Amino acid sequence: MAKLKLASYWAAACGGCDVAILDVHEKILDIAAAADIVFWPIATDFKYSDVEAMPDADIDVTLFHGAIRNSENEHLARLLRAKSKILVAFGSCAHIGGIPGLANLFSREDILKRVYLETPSTVNPEKITPDPRTAVPEGEITIPVFHDAVRPLNQVVEVDYYVPGCPPTPAQIWNVVQAIVSGQLPEKGSVVGASEKTQCDECTRKKQEKKISGFKRIATVQPDPDTCFLEQGFLCMGPVTRGGCDTRCQLSGVGCRGCYGPPPGVLDQGAKALSAITSVIESKEEADVQRIVDQIPDVLRSFNRFAIPASLITRKVL
Amino acid sequence: MKTIRVKIDGIETEAEDRTPVLSIAQKLGIKIPTLCHHPLLEPYGVCRICTVEVRSGRRVRMVTACNYPATDGIDVLTNSPRVRRDRKLILEWIMARCGHVKVIEDLAAEYGITEPRFGRGDDDCILCGLCVRVCSDIVGANVLGFVDRGSKREVSTAYGETSEKCIACGACAYVCPTGAIQIENDAALVRQALPLGPFTPIHIPFMQAVPHQPVIDRESCIYFKTGGCKVCEKVCEVHAIDHSQQDTYEEVEVGAVVLSTGFRQFDAAKVPEYGYGVYSNVMTGLEFERMNSASGPTGGQIVTSEGITPKSVGIIHCVGSRDERNHKYCSRVCCMYALKFAHLIKEKTGADVYNFYIDMRCFGKGYEEFYHRLLEEEVRFIRGRAASVTDFPFNETEVGKLIVRVEDTLIGQVRRIPVDMVILANGLEPTEDARDIARTFNISCGDSFFTERHPKLAPVSTATDGIFIAGACQGPKDIPDTVAQAGAAASAVQSLVSRGEIEVESATSIVDAEKCAGCRICNTLCSLSAITFDEEQKISVINDVLCKGCGTCAAACPSAAIIARHFTDEQLFSEIEGVLYDVRA
Amino acid sequence: MTFEPKIVGILCNWCSYTGADLAGTSRIKYAPNVRVVRVMCSGRVDPTFVLKAFADGADGVLVAGCHPGDCHYIEGNYKTIRRIALLKKMLADYGIEPQRFRLEWVSAGEGDRWAQVVNSITEDVRKLGPAKIREFSASTLRAAGARSHKTA
C-alpha cells in the first residue's frame, strides 16, 4: 500500500498540538511507517514553495492547527485546502478559535498598542508598531497583515473533520490516525477523536442534585476529590463540553475549562454554560442572585474560554 | 327492672320500681312544689316542701316526694288537706329564717299564709344545698360547702375566703332559688365582650349561621376547665354532643377545585375624613345591616349609639371605591344596598334620608324601578362625593349632629347637611389571604381579585386546568350573579368529572437518552417534580404526564438533550430568524 | 428618516403574551417595534436565544415573563432571573450597551404596562442607533468566508 501523504501546519498556535502528536511516543514510528510527512514546519524543513508546487489534492491528510490571526495564516489555510484531499481542523484553535480567540475582546489597535507600546518590558522609544509594508533603502519589506479578529479554520475554508482539544489527547490522536489509515472516517464535517456526549458522562465524580449557593475560586479552598465541582461551588464547564479527553483536568483537581468545545446541538458554548450553571443557583431573590453572580469576576472568559470566535457573536462589538 | 303499679291523686299508672314519687307525678303532669330539687342533681330532700301523703296498705306516711322510692301498690295524695297543712307549717319555718325572699313569699301566699307565726327572718339562703351540689356534682369545682351547725349552719367557701378554684361559671347563682348568690364583676374574671353579644359556652353563633347548629367554645366551657358539667350532653335527646371531638386534618384527593373564598370589606377607617371609628354614629354598611336585623342587638330597631331614633340619616356612597387613593373600581353592590337602607330607614323611622352619590348604579332587574320608588318616598339624593363628616357645629341647629359636607353638583353649591347618623357604603376588596390562596392553587390574582381565564368567554375558569372560581373572589358582585357563577363553576366541574378521560398537555419535554450525559442539572429545575434520575442508566428522565411543557429544563440542559416539544431550539431559532426577515434580506 | 429599531421580544404565554394581547384588545396605541416570539414560560428562554437575536440583527431584545411568584409553572421565572443576571454581564463583556436588553415582568392584566415597556425600550434603543453586532456574527463570517477581513 502506498504511504499516505501527511502534512501538519501551525497557524496562530502555541505548538502544543505538535507536542501532543509527539506524545504518542513510540507510536510515532507506526505513523512514520504508514505515512510520509510532506510538510511539518516544526519538525521538517519543507518550504511554502514546496507546497505551492504540489498538485491540487495531492496531500492525503493535513492536520491544521492554530487559529487564523493574520494574512499568512489565511494564505496557508487556503493553500493547504487546495492541496489536501482531507483538511482536518486539529486542536481548539483551528476548531473553535482557542485561546488566541480571547484576543477578540480587543480591537486590533488595542492589541498592537498593548504589545508594542504598553507592556512594561518593551522598550520602543520610536513607538513603532508593525506595518505590513515598510520602505527600507533596499526596497520594501512586507510582513503579514494583522487581522481585526481571530477566526477558526472553518470561517475561512471548508473543513472536513475536526479534532478538538487543547491539545487533543495523544490517545485520541492515535485513534484518529488509525481511523485515517484504515479509511474508517465518518461523514464529512464530523468531529472525530471525541465523544458525542459531554464530560459528565465520563467523569467519575459523584453527582447529586445540583444546588449552587455561591462560587469559589479553585485556589482558595481544597476541593473534595470525589464530588462534582459545581456542587462544591467551583466552576466547571464539563456539562457543556464534549467528552473524550478522559477528564484529565477534573482528575488533576480543577474544573473543566471547555477546550473540547460544545457538544452537538449547542450553538454557543458560553451561553449554554451560563444557562445551565445559573439555573441551579439556589436563590429566588433578585438581590441575592446578583450577589452570587457578582462572585464571578470575568464572565465571558470563564464560560467561553475557548470558543468565542466560533460562537454566535464572534467578538466584542466595537 | 321491675314495673310496679301506683296511684297518684286517684290516677293509676305504672312505673319502674323505686322511682322517686316526684318523677312519677311530674310525668302525669301533677304539680308538686319544690325548692331544693333540680332534675340533674341527686335529690336532697332538705326543704321538705314536696311533702306528700303516701298510703301503703293501712299505713299512712308523710314523705318527701323528691326522694321517696315508689313501691308496688302505693297510693299517693299530693294535695290532700293534711299535705297542705304540713306544707304550710314547713313554709312558716322557712320564713322564720328567710322571711323576705320573694319566691318563698309567693309560695306562702299560695298556702294562705299572710303573717307567718314564727316571724320573718332576714336571711336569704334557705340552705337548700343546690349551689353546693351543682358545684361539686356537675361543675366539679368543689368550691362551696356547708359549714357549722344548727342555726349557725351556712353555705361558704373554704375558710370563708375567696376561692381560687371558683371558675365563675355562674352555675351556683343560676340554680339558687332565692337569688342569694350573686356573681361579682371581678375585673380579672370578666370575659371580653364579644361582638355578637354574650352567650353560653354551647351556643348557635348567630341566627343566620350555616349550619344552624350549636358549637362549643372551648375557652369558656366548664368541662374543659374542670372535667365536670357536661349538662348539655345529658339533656341532648339525640346524643349529638361529643366533648371529645378534636380538629382533624384530612387529605382529600380531588381532580377539580372551585374557589369561592369571597371578599373582605373595605376598611372605612382608611377614609379618615368620614370619621369612622371616631364618631360613634358613623357606621359601615354591614354594621347597619346587623342593627337592622330582627335577631340583632337592637332587635331590628334603628337607633343611634345614644339609643334614640334618628331624625335624619346620611348614606355616603362609594366609600373606598371609585377612589384614586383606594380602589379605582366600582364595588357594584353598594348603590343597591344603600338604596335598600334608605328605604328601610324611611319605613321604620320616617327620618329624613340623604344619599350622597356619584352615579346611581341600578343595573339589574327591577333595580332602576326601586330607585324611582325611593324618589317618590322623598329620599333626598345629593349628587356629590361627600367631602367629610364632622361634629363641629357652625350654628345651633348643628349642635349634637354629624354634619356631612358635600358639593351638590346638580345645583353647584357646597352644602352642610346635619344628620343624626351616617352610614358609609363601603366597598368590596379581595380577602387578605387572596394572594396566598392564588399561589397555593397556582392561579393569578394580580394585586386584586382572582384572574379569570377570559373576561367574557370563560369567567369561572382560570389559567390552571381544574381550578375554578366563583363569586366575589373573582370580582365584586351581588347574590344573583354569584349564584349564576356558582352554577357555572359546578357545571364546569361536572363536565370535567363526567368525561371519563382527560386531555394531557401535548407540548411536553422529553430527554434524548442518546445525548444525556447524566449531569443532573435539570433534576432540581422542575417545579412540578416531573424529572427524576435513573441510577441504573445514569440519565435523567421526564414524566410525560406530570410535565406541563414550560421548557425550563430544556433551556438549561447543557447537552441540548432535552427536547421541548413544539418549542424546540430549532423552532425558536427559526422564529427569531423569521421576525428579523428584513434584516437578513 | 428616523431609525426604527428592530426589537425581538420573547414573551411567556400566560402572563406577558396575554398582557400584550390585552393591550391590543384595549386598542392602546404604542410603538410597533417589538417583534414577538412566544414561549410557554420565560424559563424556556435560553440565553442563546438572546445572543442569536442580536447576532441575527436585532437592535434590542426584550424578555418578558410573569411577576415573580405568579409564574403559571410556579418557579420558571426564578430561573429566568438567575440566567439573565449573568447574561447581562456577558452582554457587557461583548460590548453590547445595557439599554439594548431588558427583562420585564408583565402580568396578564397589564395591557397598559406592556405598551409602556415597548415604548420605553424602543426609545432607549432608538437613541443608541442601529446595533452593529450582526457584522460580527458567526453566520456573517461563515458566509463571507471567501472574503478577507479589513486590513490596515
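Predicted model: local features only at pLDDT ≥ 70, side-chain atom pairs only at ≥ 80, totals over all residues.
Of the 585 residues in chain B, 43% are buried. The accessible surface of chain B comes to about 32,800 Å². Carbon and sulfur atoms account for 51% of that surface.

| Area | Value | Share on carbon and sulfur atoms |
|---|---|---|
| Accessible surface of chain B | about 32,800 Å² | 51% |
| Buried between chain C and chain B | about 2,900 Å² | 61% |

Now the interface. Chain C and chain B bury about 2,900 Å² between them. Carbon and sulfur atoms carry 61% of this buried area. Chain C brings 33 residues to the contact, and chain B brings 31 residues. Four salt bridges are counted between the two chains. A salt bridge also links the side chains of B:Asp569 and C:Arg44, with an N to O distance of 2.8 Å.

Strand β1 of chain C covers residues 7–12, and strand β2 of chain C covers residues 34–39. The two strands run parallel and are joined by six bridges. C:Ile7 has C:Val34 in β2(C) as its bridge partner. Between β1(C) and β2(C), the chain passes through helix α1 of chain C, residues 13–25. This β-α-β crossover is right-handed.

Definitions and conventions:
Residues numbered from 1 in each chain as written. Chains lettered and ligands numbered in written order. Heavy atoms only, no water. Buried < 20%, exposed > 50% of the residue type's maximum accessible area, 1.4 Å probe, protein only. Areas by Shrake-Rupley, 256 points an atom, 1.4 Å probe, with all protein chains shown as cover. Pairing = 2+ DSSP bridges. Helix = DSSP H or I, 4+ residues; strand = E, 2+ residues; numbered from the N terminus. Right-handed = clockwise from strand over helix to strand, strands pointing away. Contact = heavy atoms within 4.5 Å. Buried area = accessible area lost by both parts, 1.4 Å probe.
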